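Have a look at it first.

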Protein chains: 4
Amino acid sequence: MIVVMEQGATEEQIQNVITKLVNLEFSVHRSTGVVHTVLGGVGPAEVVDPEEFRVMDGVKECLRVMSPYKLASRRFRPEGTVVKLERAGAGTVEIGGQRVVVMAGPPSVESEDQVRRTAEAVAKAGARFLRAGAFRPRNSPYQFQGLGEAGLQLVRQAADEFGLFVCSEVIDLSQLGLVDAYSDMFMVGSRHMQNYVLLRGLGEVRKPVLLKRGVASTMEELLLSAEYILLGGNYEVVLCERGIRTFEADTRSTMDISAIPVAHKLSHLPIMADPSHATGRRDKVTPMARASVAAGADGLLIDVHPDPDAALVDGAQSLSPEQFAELMGQLHNIAPAVGRTI
Amino acid sequence: MIVVMEQGATEEQIQNVITKLVNLEFSVHRSTGVVHTVLGGVGPAEVVDPEEFRVMDGVKECLRVMSPYKLASRRFRPEGTVVKLERAGAGTVEIGGQRVVVMAGPPSVESEDQVRRTAEAVAKAGARFLRAGAFRPRNSPYQFQGLGEAGLQLVRQAADEFGLFVCSEVIDLSQLGLVDAYSDMFMVGSRHMQNYVLLRGLGEVRKPVLLKRGVASTMEELLLSAEYILLGGNYEVVLCERGIRTFEADTRSTMDISAIPVAHKLSHLPIMADPSHATGRRDKVTPMARASVAAGADGLLIDVHPDPDAALVDGAQSLSPEQFAELMGQLHNIAPAVGRTI
Amino acid sequence: MIVVMEQGATEEQIQNVITKLVNLEFSVHRSTGVVHTVLGGVGPAEVVDPEEFRVMDGVKECLRVMSPYKLASRRFRPEGTVVKLERAGAGTVEIGGQRVVVMAGPPSVESEDQVRRTAEAVAKAGARFLRAGAFRPRNSPYQFQGLGEAGLQLVRQAADEFGLFVCSEVIDLSQLGLVDAYSDMFMVGSRHMQNYVLLRGLGEVRKPVLLKRGVASTMEELLLSAEYILLGGNYEVVLCERGIRTFEADTRSTMDISAIPVAHKLSHLPIMADPSHATGRRDKVTPMARASVAAGADGLLIDVHPDPDAALVDGAQSLSPEQFAELMGQLHNIAPAVGRTI
Amino acid sequence: MIVVMEQGATEEQIQNVITKLVNLEFSVHRSTGVVHTVLGGVGPAEVVDPEEFRVMDGVKECLRVMSPYKLASRRFRPEGTVVKLERAGAGTVEIGGQRVVVMAGPPSVESEDQVRRTAEAVAKAGARFLRAGAFRPRNSPYQFQGLGEAGLQLVRQAADEFGLFVCSEVIDLSQLGLVDAYSDMFMVGSRHMQNYVLLRGLGEVRKPVLLKRGVASTMEELLLSAEYILLGGNYEVVLCERGIRTFEADTRSTMDISAIPVAHKLSHLPIMADPSHATGRRDKVTPMARASVAAGADGLLIDVHPDPDAALVDGAQSLSPEQFAELMGQLHNIAPAVGRTI
C-alpha cells in the first residue's frame, strides 16, 4: 500500500495515516520528498480498500500494490492451469490445453427428444460437452424456470448416449448434491458470481467449476470470486466471459473480447467465451465465436436448439444444428492461426 | 406484443410470425399498411422476450406493450403501498408514508460497545431503524465477513435498548430463520437482487423486505425481482437505490437519483436511498442524502460508525455520530420543502 | 509519478524505467523495499499517461500523483470562483455566490412570439438568464437545426425586454463572433466538450463560458477541458452536469448528481445542473432540479416552452411556464436548507 | 411511428396524440383493441423522437418504425459499398472489398526519421495506408498537440517514398483545405463524431472519410453522423470501431467487436477496427486485431512506432515494427478463414 500525502499535509495527518497502517499490520516506510511525503506499507494489503485512506485528511492518493487475490493470480502458477476431465464413454478433455473446447446445448431442457437431437448434432460437429439448463434463473417469475431434476436426467442420458461431458448450472447451495449427481462440471451463472455462500460450497467439492463473469463485474472481481473457490481447495476453476452491460443496445450486452487476453495475463486459469448470452442474437453468435477463438479463448459455450424459433427460452440466441456445424467448420480454420486445434 | 414487419416482408414470413404468436397463446390482429404490415398480439406478453421476434426473418421491430411485472406495477395499487411495522418498545413506523424513515448503523457489527454507541447516537438523532451487517458479502475472501449470529444478537440488544427497529441482510436462504429471529425487516443486498431462490423464500415469510437494486440492474429488473417476492404473497417490499456501475471513478458507483421518481411512477412500492454505499465516500454522503430526500425518497440508509477511521469495513463511507446528527438537522429543513417530515 | 516495480523485477528493468523518467524530465527517488522497488518521480507529471509505464517490462503499477490540471484545481483558488456579469437593464448576477442562478428558455428558438412569451414567464418566476438554442447540434441531419442568427436576435430582444441575461451555445469557432454579438455568456454543449479548437478560441475571449460535461466524460476530463479555456486567460468558466450515458433506459441519461460535490472538491469553478437534458422527460425535471440544489448546485438550466407538446425540438423535456413557476416555488424552500437563496 | 395508448386512455387523450401526429404530417391509422388502442402513423418518422409521445398523457409506449437514417442504411445499397482509392505510386486500394486493408503508423508525427522508418516497416509488412497524427486532439492542453502542417508534409513524403496512401485526422473545418492537400483520405476522430459543422464540410469534399465511433455513441448515432456526410453527396464513408467507455478498467476502453457484424447488418458502409486506441495497451492490440478480422472487419488501424517506449504520445498502445510484422503474419492465416485476404 502506497499513500501519497497532499502537498502541505501536516505532521499530525501523516502520523494518523502511519497509525492506521500500523494498526492494519503494515510495516511502514516513510519517504519525505520535496513536494509530497510518500508512505509505503508492506503488509496484508489485499484486505484493505485504498478508499479507506483516500478519505483521510491530508491524503492525496493511495495505491494498492499487491493483487487482492493470490491463488488466482498468474504468479501463483505461471505455467497456467489445465483442467482435465475423464469419463468412461466420453474419454478425456482438457480445458486450457492446446485444443479449444466447445460446450453446446439448448438454453433450457424442454423434452427428451429436444435434448437428444441436440446432443447428437453437437457431438457430431465436434462439441465435447453438453450444456443444458435444468434450473434456469430468469428475470421474471412468469418465465419458464426449467425442468429441475427431470431435466438433469435427460441431459445425462443424452450426453452418455453421444459420448459428451455434462456441465450444469447450480443456482443455490442446496442444489449442489443434486447437480453433482448428474454432471461432470458445475457452472456458476453471471447472476451468482458474487454468491459467496455458493462459491464457498464449490470450494469444498472436487469437480471443475465454470465461473461466469457478472454483467457488471470487473476482471478483478471475477478473480476474487474465483479465489473463494480456490481457497476451499478446489483448483479446477475455468473463467467465462459472457458480455458486460453497457449503453449499447444493438446487442443484449457488450462482449468484452479483450477480457480473454486480460485473464491470461492476470491469472493462470483458463477462460472460455459465451457469445450466445453475450450478444443475445443468433446472427451475431458466429462472428463473435470466431473472434473469441482468434483472441485466444480456451473454449466456447454455444446455445444450440433443434428448432430455435420454437424454443421456450432464449431461442433468439440459439443456433440451429446446421448453423452450429457451419461455425465449427470455420473454427477449424481459425484455431490453427493462433496455434490451437478444435 | 406488437410486431412490425419489414417493408417487403413476404407472406410466408408474416405467417411464421403469426404462427409463433398463436403458439404463445396470443390473439393476433393484423393491420396491413402501405409500407409495413403490423401484427398486434394480445396475450401473456410479459413472458416473451421481444428479441425472439426480432431475429425472425422479415421482422423490423417488436415492442412489448404490457409491463412484464404485474403485482409490482403502480396500476396494481395506484394509491401506493405503505409498509407498516410495529414493535413494543419501538412503536410504529411507516415506510412510504408522509415521514421519511432513516435506517442507520455501522457497516459491520464489530463489538457490543460499537453497536451500542452507534445505536444510542442514531436513535437520539432521529433514526428509526438500526441496520448493521452480521453476515457481510465481500468481494474478497480475505476481508472481514461479519460476526454471524453473535452479531445479530448484539444488534437486537442495542436496538431494543434504544427503541429502534432492526433491518438485517440475509445472503442465503439457509440463514432465513436465523435472521428472522433477530430482525424486524429483511434486507436483500445488491449482489443478491437476482438470487431467485432467496427471493422466493422471502415471498413465503410475512415480514417486510428491503430489496436493493443491483449495480447493473435496470429498474424493470428490480421490479421483476420484487415481483418474485410479491408473487409469494409477501406484499411488504421496499425498494432501494444504491448506485449503478458506470465509467465514472470519483465515486464508487453513480447514484441514480432519478430512479426515485422513476420508481414512484412505475410502481406502488416505496423506495429508499443508500448514499453511503452508492458514493463510498464520507464527504459525498451528506449532499447525496439531501438530494435523495429532495427527489422524493421515502427513506434513507446511512452508515454510521463511532470511529469511522477505525472501522473494519467500509469506514470510508461511514459518518461519525456528529456528522450524522448534522445531516439529520439539514434533512429537517429539506423534508418540508417536498411535503414530508423526518 | 510513482512507479512500483514487480516483485523480482531485474535491475535492467528498473534502469529502463529510471531512464524513461529522466528523459521526461523527472527527478527520480528510488526506494528499495523488501518486496517491491518503488520509484518516485518529481516533474511535469501532468503530461504523462501512467499507462506508458504500466506497459513496461517489470512494472507492477504506476500512479500519477499530481493533478493533470492546474488552473482548474481547487488548490489554485481555494476560496472558489464567483463569475460575475453585469448588464444595463439586467443588473448584476453572480454564479458561484450565495444565490442559486437559474437559466431557462425554450430548447430551440422557433418564433418571436414563442421566445417572448417564454422570456416573460421565466423572468417573472425568477430566472436570471434566457437560454435558447439558435444553432442546435442534432443527432440527425433531418432534425430542426435552429434559426441561426435570426434566432439569436429574437433571444436578445426578448431578454432585453424582460431584464434577462443571454447564454447561447456556440458549436464552432467560426460562429464565435456572431454568438458574441448577441450573448452575455457562451455555452459549450456536451458534444463539443473536447473540441479543443473551440475551447482555445474561448480562452481568448473575455466573456464567461458555461462548459457542459460530455455524456461519457469523467470529471477529470471535464476539468482538463476547462483548463484549455483557463490557459488562454479566460477565468470565467462555469461547469455543468447534464447526465452521463449508462445502461439505464428509463431516463435519457443518468444524471450524476454526485458530480456536484465532486466538482466543488476538485475545483474552484462553479457548477450548474441541467436536469432537462439529463433526464429528457418532463416529469423527472422537477425532482432532479430539487435534488441538484439540495446537493449544492450553483445554478440550474431548465427547458421551458409555452406549449411543450407543440415544441419542434425537445418538447418532451420542457416544462410549461406554470410547471416552471411551481418548481421555482419549491426551490425557494429548498435553497435555504443548504444555506442558499434563489 | 406506432403509439400504444394506456389501458383506459380517454378519447380526449387519444385525440391529442392523433392531432400531434397529424401536425407532424403523419397519416394515422387507428386500431381499437380489447385492451389497448394502437395508433400507427406513416410519415417522416425519422425526425421525431418517440419520447415526445411517451410523455403525453395516456400513452403507454411509442415505437419508431423507420430507421432515422436513410442513405447510410443497408437498404439504400444492399450490395454494400466499396470505397476505392487510386494514386500514382501507391496503386489502387479498395476498402470494403475482399482484401482486409491495414492502415498503420505512429500515433503522432515526431520527426522525419521516425515517420520514414515507420513507413518503411509498415509498407514492407503489408500495410496500404500510412496514418500518422499531425494535429492531435489531447485531453490535456499540456500534452503534445502535434507538428501541424510540417507533420503532414513528413507523412506525405514518407508515404510517397514507400508507396502508401495517407489518411489524416481533421479536427476542425478550418483545417480541411490543409489536410486535403497532403492526404488521400480524411479521418474524423471519436471526439468529433458529432461535430456537425465538420461533418457537413466533409459532405462537400470528394475524398473518402474514415469516421470513428464516439466512445459513448450507439451504432445508430454513428450512422446518423455518417448520414450528415452522405447527405452532402460524399458517399465514400468508412466507419471505425475504436472502443466504448464502460466500467472496465483493465483496458482503456472496451472494444465492441460486435459492432462489426452490427454495422454490416444495418449499413452498406465498410467498417474498420482500431484495437490500438480501443485497448490502449500494446499487449492487447494483437489479439484484438485478430479478433476484429475474425469478426469480419474490412480493415484495421494499428499504431506502430520505431521505439514505442520513447514515443511522445500513445507509446503504450504502439507496436514495434517487429510486433507489427508478426501480427500481419498471423492475420494472413486468419483472413482466409473468413473468406478474405490481407
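## The nonpolar cores

Of the 160 residues in the largest nonpolar core, the ones that touch the most other members are Ile257(A), Ile302(A), Phe324(A), Leu202(D), Ile257(D), Ile302(D) and Phe324(D). A nonpolar core here is a set of buried Ala, Val, Leu, Ile, Met, Phe, Trp, Tyr and Cys residues joined through side-chain atoms within 4.5 Å; buried means under 20% relative accessible area, with a 1.4 Å probe and protein chains only. Another core lies apart from it, with 159 residues, including Leu202(B), Leu211(B), Leu222(B) and Tyr196(C). In soluble globular proteins, nonpolar side chains tend to be buried together.

What does Ile257(A) touch? Leaving out residues up to four places away in sequence, Ile257(A) contacts Met288(A), Ala291(A), Ser292(A) and Ala295(A), plus Ile257(D), Met288(D) and Ala291(D). Contact means heavy atoms within 4.5 Å.

## Ground rules

This is a predicted model, where local features need pLDDT of at least 70 and side-chain atom pairs count only at pLDDT 80 or more, while totals for chains, interfaces and linings use all residues. Residues are numbered from 1 along each chain as its sequence is written, chains are lettered from A and ligands numbered from 1 in the order in which they are written, and side-chain values use heavy atoms, leaving out hydrogens and water.

## How chains A and B relate

## A sheet in chain D

Four strands of chain D make an open sheet, ordered E2-E3-E1-E4 with antiparallel pairing. Strands are DSSP runs of E, at least two residues, and helices are runs of H or I, at least four, numbered from the N terminus; two strands pair if DSSP finds at least two bridges between them. At the edges sit E2 (27-32) and E4 (59-63) of chain D, each pairing on one side only.

E2(D) is joined to E3 (residues 37-42) of chain D by 6 bridges, and Ser27(D) has Val42(D) as its bridge partner in E3(D). Helix H1 (residues 11-23) of chain D packs on the sheet, touching E1 (2-5), E2, E3 and E4 of chain D.

Key. Buried < 20%, exposed > 50% of the residue type's maximum accessible area, 1.4 Å probe, protein only. Axes fitted to C-alpha atoms, helices over the stretch in contact; angles between N-to-C directions.
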